[in-house]
Amino acid sequence: MGKHKLENTLNELKATGKPLFIPYMMAGDGGINQINERIQFLEESGASAIELGIPFSDPVADGPVIQDAGLRALQEGTTLKLVLDEVRKQKEARSIPIILMTYINPIWNYGYEQFAKDCDTAGVDGIIIPDIPMEEEEDIAAALSNQSIAFIRLAAMTSPDERLEKIAQDSEGFLYAVSVNGTTGERQQHDKNTLDYLKKLTALSSVPVLAGFGISNPEQAKSLAAYCDGVIVGSKIVHLFAEGKQTEIKELIGETVR
């Protein structure tokens, strides 16, 4: 379970030569009771792993679509503990890796060690924390390591090469390559600088490199995946779930990984 499950799953899928595809969904958007149903749907649609967002009142990395989904989830009474309790219910029934995306404040409030233990109990395999710099990650990194949960780092295009090299060396599970300068949200295209950056990270990293932010269709996903190992799609998936357009989600995943 945990880090090894995530890394083994992604490496096995990578070996097929097809792009990895990790959809993001906001936990509690549509109600807590929708979480496991949507996880099962994404797994059946061909997702490589699932990134499960925890709603937070100050989501600095999120664009308008995900911010709105987080507000809806908070209005539904969603909390980090409720999400972990819900995910634990289907731990034995699912095989797809689960990754939590949350900010450091809810984890600090929860308690690092207790958070890591409860993630392990719930069958969470990896954690993404976009607002913790590597200079301040020692305590949470140790807590996650004690439970063998992958600590997935984010790399930004604005970082100098020596910092990118350190992030790439430290990331577990996969390396999250932020493919835009800014917050999440759909973009029309990615430029040559982005593609060069993805190639550089792929050369530096010993774990798969996945591009995230600004991806909204199979053409974009495939074009970016040609320079790394796959993609993470958030705002588009969240928007389609909110609109009840599950068929389009299935098509987006299917056309990308085909």
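How far apart are the end C-alpha atoms of helix H12 (residues 246-257), and what should its twelve residues span at 1.5 Å a residue? The legends below start with that helix. They describe a predicted model.

**View 1. Helix H12 and its buried residues.** The end C-alpha atoms of H12 are 17 Å apart. At 1.5 Å a residue, the twelve residues should span 16 Å, so the two values agree. Ile249, Leu252, Ile253, Gly254, Thr256 and Val257 are the buried residues of this helix. In an α-helix, residues three or four places apart point the same way, because there are 3.6 residues a turn. The buried residues of H12 pack against strand S1 (20-26), helix H2 (35-44), H10, S9 and helix H11 (235-242).

View 2. Thr256 belongs to helix H12. Its relative accessible area is 1%, so Thr256 is buried. Beyond its neighbours within four places in sequence, Thr256 is in contact with Pro19, Phe21, Pro218, Ala221, Lys222 and Val231.

**View 3. The nine-strand sheet.** Nine strands form an open sheet with parallel pairing. Their order is S5-S4-S3-S2-S1-S9-S8-S7-S6. Strand S5 (150-152) and strand S6 (154-155) are the edge strands, each pairing on one side only. H12 packs on the sheet and touches S1 and S9. The direction of H12 makes about 160° with that of S1.

View 4. Strand S4 (residues 126-128) pairs with S5 in the parallel sense over three bridges. Across this pairing, Ile128 stands opposite Ile152 in S5. The loop between helix H7 (138-146) and S5 holds Ser148. Most residues other than glycine have a negative phi. Ser148 is not a glycine, yet its phi is positive, about 55°. Its relative accessibility is 35%, so Ser148 counts as partly exposed.

View 5. S1 and S2 run parallel, joined by three bridges. Met26 has Gly53 as its bridge partner in S2. From S1 the chain crosses through H2 to S2, and this β-α-β crossover is right-handed. S2 (residues 50-53) is covered on both faces. Ile50 and Leu52 lie on one side, Glu51 and Gly53 on the other, and all are buried. In a regular strand the side chains alternate between the two faces of the sheet. Strand S3 (residues 98-101) pairs with S2 in the parallel sense, over four bridges. Ile99 is the bridge partner of Glu51 in S3.

View 6. Met26 lies in strand S1. Its relative accessibility is 5%; with buried set at under 20%, Met26 counts as buried. Beyond its neighbours within four places in sequence, Met26 is in contact with Gly53, Ile54, Pro55, Ile66, Ala69, Gly70, Ala73 and Val238. Met26 and Glu51 are 25 residues apart in sequence. In space they are 8.5 Å apart, C-alpha to C-alpha.

View 7. Strand S7 (residues 175-178) pairs with S8 in the parallel sense over four bridges. There, Ala177 stands opposite Ala211 in S8. Strand S9 (residues 230-233) also pairs with S8 in the parallel sense, over three bridges. Gly212 has Ile232 as its bridge partner in S9. The chain runs from S8 through helix H10 (residues 218-225) to S9, a right-handed β-α-β crossover.

View 8. Phe213 is found in the loop between S8 and H10. Phi of Phe213 is positive, near 85°, in a residue other than glycine. Phe213 has 9% relative accessibility, so it counts as buried.

**View 9. Two buried cysteines.** Cys119 has 0% relative accessibility and therefore counts as buried. Cys228 is also buried, with a relative accessible area of 9%. A disulfide is a covalent bond between the sulfur atoms of two cysteines. The structure holds zero disulfides.

How values were computed. Residues are numbered from 1 along each chain as its sequence is written. This is a predicted model: local features need pLDDT of at least 70, side-chain atom pairs count only at pLDDT 80 or more; totals for chains, interfaces and linings use all residues. Side-chain values use heavy atoms; hydrogens and water are left out. Two strands pair if DSSP finds at least two bridges between them. Helices (H or I, at least four residues) and strands (E, at least two) are DSSP runs, numbered from the N terminus. A crossover is right-handed if, with the strands pointing away from the viewer, the path from the first strand over the helix to the second runs clockwise. A disulfide is a pair of cysteine sulfur atoms within 2.5 Å. Buried means under 20% relative accessible area, exposed over 50%, partly exposed in between (1.4 Å probe, protein chains only). The expected span of a helix is 1.5 Å times one less than its number of residues. Contact means heavy atoms within 4.5 Å. Axes are lines fitted to C-alpha atoms, for helices over the stretch in contact, and angles run from 0 to 180 degrees between N-to-C directions.
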